[in-house]
Amino acid sequence: MSPAPLREPAVRRRAPAPRRAHQTVAGYVFLSPWLVGLFAITAIPMLLSLYLSFTDYDVLTSISDANWVGWDNYRRMFTADPAYWHSVRVTVTFALVAVPLKLLAALGVALLLNRPFRGVGLFRGLFYLPSLLGGSVALAIVWESMFNRDGAFNSLLAVFGITGQPWVTDPKWALETLMLLAVWQFGAPMVIFLAGLKQVPVELYEAAEVDGAGAGRRFVHITLPMLSPVIFFNLVLETINGFQGFTAAFVISNGEGGPVDSTLMYTLNLYINGFGRLDMGYASALAWVFLIAIGIVTVVLFRTGRFWVHYSDSEGS
Amino acid sequence: MRRRLRAAALLLIVAVVLYPLIWMVGTSVKSPEEVVSNIGLLPDTFTPGNFADGWNNFDVSFGRFFLNSIMVSGLTVLGNVVSCLFAAYALGRLRFRLRGMWFAIMIGTLLLPGHVLIIPQYILFRSLGWVGGDWPYLPLLVPQFLATEAFFVFLMIQFIRGIPRELDEAATIDGASPYRIFRHVILPLSRPALVTTAIFSFIWTWNDFFRQLVYLSDLKDYTVPVALTLFIDSTSESSVGPMFAMSLLSLVPVFLFFVAFQRMLVEGINTSGLKG
């Protein structure tokens, strides 16, 4: 089953007046924890952080002592802080490389698993396991050690007579090891692809076969278009996740984004500014720009999606 | 021929996927010398002492860290299951003024990245005296009791929509209030969604690092992920074995959940698109 569309549940018909009043009270009773959370934990803190992003608030003094600095934090971010642009580059590079590779791996393996054979469930489970262990510190530690000078990766290379190097401490390769970790966790999008593949009507393939279409043509003209909503869903989800990578970057760089800022993901930079340097005003500005950037990326993805996402229940492709 | 090719490809992928995990298990029982010199997956000399060494490596034993993590994860599960089901029942089933607006806002918060909220929430909790207070877990737990995990609200709404509305209508005709319908119709029939939420809620909280790193500052309050990073600060060759031993132990609860609920986990993510 593919993910259900984000649509408001349909209300079927108007209920009689007394019952509706009854339901309104009950509705707000059941909604009250969520409403408290929405205002107290989400909305008001967000507005506060918008205000603080225009101040030099440092968390140690009270909020009323924070000085209004206007657009200074934003100006500093865009014009005077090389680490900022560096973190943007690192994050965008990571997302641009790791997300497509991860989706390719997920789709490829899903195609391999799409035919029934003995033990298919076991394979599916094993491939999903790395995703489940996902953002854990333990896994990041393993990865860090594996790509060290004495790590398993170099041992493997040595078998082929290649002399390795300490990958995680080399600014040229540190980010690549993080990408590899992300690709290795292809299991979650794979499961979603598998579900999508099950939805493709078998008749389409049969008809194409009768028309003499080979496996390649069937894949390009049937599988890909039929799967495009699921590809799109995975793309959006993984892109947003990719921008938020924190744990592995933190662990591999000992919380500093090194070597030479090569793994300074945006969220790690935000953490360093806010909780390392206690520069909460600046960190608030970083968070707001991040929010807007993710919003823009999502909108752009949805806009471009119109051109290649095919919904079988609508006109055209 | 093609079947053989497929089988070979799958076996190769299994090897790549499992290699890091097997290597982790092997390293956790290697002696300090072997960590450097032995390129094999498995050790020549089995060194189970790494587990005892890792357990007692810091002033506070890992047992304490595990208890802290179990408590945080357990209460998070409780909070999410209860508060998200309340919100889902209201938004997915009851008819009341402004429901459409609240539903749209809920979907909006679903897309809101957690990292954006961490700074303002930290400031809020700090001003309430909860950060570094008598019980430093309040900032981690209170939001979970207020249905702030929109993903679970959404998942349960999708599920509740599948429960036949005729059941509510029949109960209403019999004079049942929305509270009774919740208690006697929705709650018992929502069990699969609640179990899915509970499992994912536990695993994600167990693996979560960012929020625990931000809010926990006293060694005795550390959870397992935060405690694990203590090893990295002082990586010498002698601590690699113990570090791996504790990393491995930290994955055991997740692994047990995985073995027990494998089918549900896999189905859970493809019906709802849950991230892994």
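1. Helices and strands, as named in this note, are DSSP runs numbered from the N terminus, a helix having at least four residues and a strand at least two. The structure under review is a predicted model. On that basis, chain B reads from its N terminus as α-α-α-α-α-α-α-α-α-α-α-α-α-α, that is, 14 helices and 0 strands.

2. The overall dimensions of chain B come next. Its C-alpha trace extends over about 75 × 65 × 30 Å along the principal axes. Of the 276 residues in chain B, 56% are buried. Among contacts in chain B with a separation of 6 or more, 71% are between residues 24 or more positions apart.

3. Two points concern the surface and charge of chain B. The chain exposes about 11700 Å², and 64% of that area is supplied by carbon and sulfur atoms. Chain B carries 20 positive and 17 negative side chains, with 16 Å between the centres of the two sets.

4. How many salt bridges does a search of the whole structure find? Over all chains, the total is 6. Side chains of opposite charge can pair when their charged atoms come close. Three of these pairs are described in the following points.

5. The pair A:Asp72 and A:Arg75 forms a salt bridge in which the closest N and O atoms are 3.0 Å apart. Both residues belong to helix α2 (residues 72-80) of chain A, and because they are 3 residues apart there, about one helical turn separates them. A:Asp72 is partly exposed at 39% relative accessibility, and A:Arg75 is likewise partly exposed at 48%.

6. A salt bridge also links A:Arg76 to A:Asp279, with the closest N and O atoms 3.1 Å apart. A:Arg76 is in helix α2 of chain A, whereas A:Asp279 is in the loop between α12 (266-276) and α13 (280-308), so this pair ties together parts that are 203 residues apart in sequence. A:Arg76 counts as partly exposed, its relative accessibility being 31%.

7. In chain B, the side chains of B:Lys220 and B:Asp221 meet in a salt bridge, at 3.4 Å from N to O. B:Lys220, at 38%, counts as partly exposed.

8. The bond joining A:Gly258 and A:Pro259 is cis, with omega at about -5°. A:Pro259 is located in the loop between α11 (247-252) and α12 of chain A.

9. Which backbone angle of B:Leu98 is positive in this residue other than glycine? The angle is phi, with a value near 70°. B:Leu98 sits in the loop between α4 (62-93) and α5 (99-110) of chain B. The residue B:Leu98 is partly exposed, at a relative accessible area of 46%.

10. B:Ala147, also a residue other than glycine, has a positive phi near 55°. Its place is the loop between α7 (138-141) and α8 (150-160) of chain B. With a relative accessible area of 1%, B:Ala147 is buried, whereas B:Leu98 is partly exposed.

Key:
Residues numbered from 1 in each chain as written. Chains lettered and ligands numbered in written order. Predicted model: local features only at pLDDT ≥ 70, side-chain atom pairs only at ≥ 80, totals over all residues. Heavy atoms only, no water. Salt bridge = Lys/Arg side-chain N within 4 Å of Asp/Glu carboxyl O. Buried < 20%, exposed > 50% of the residue type's maximum accessible area, 1.4 Å probe, protein only. Contact = heavy atoms within 4.5 Å. Areas by Shrake-Rupley, 256 points an atom, 1.4 Å probe, with all protein chains shown as cover. Lys, Arg positive; Asp, Glu negative; His and termini not counted. Charge placed at Lys NZ, Arg CZ, Asp CG, Glu CD.
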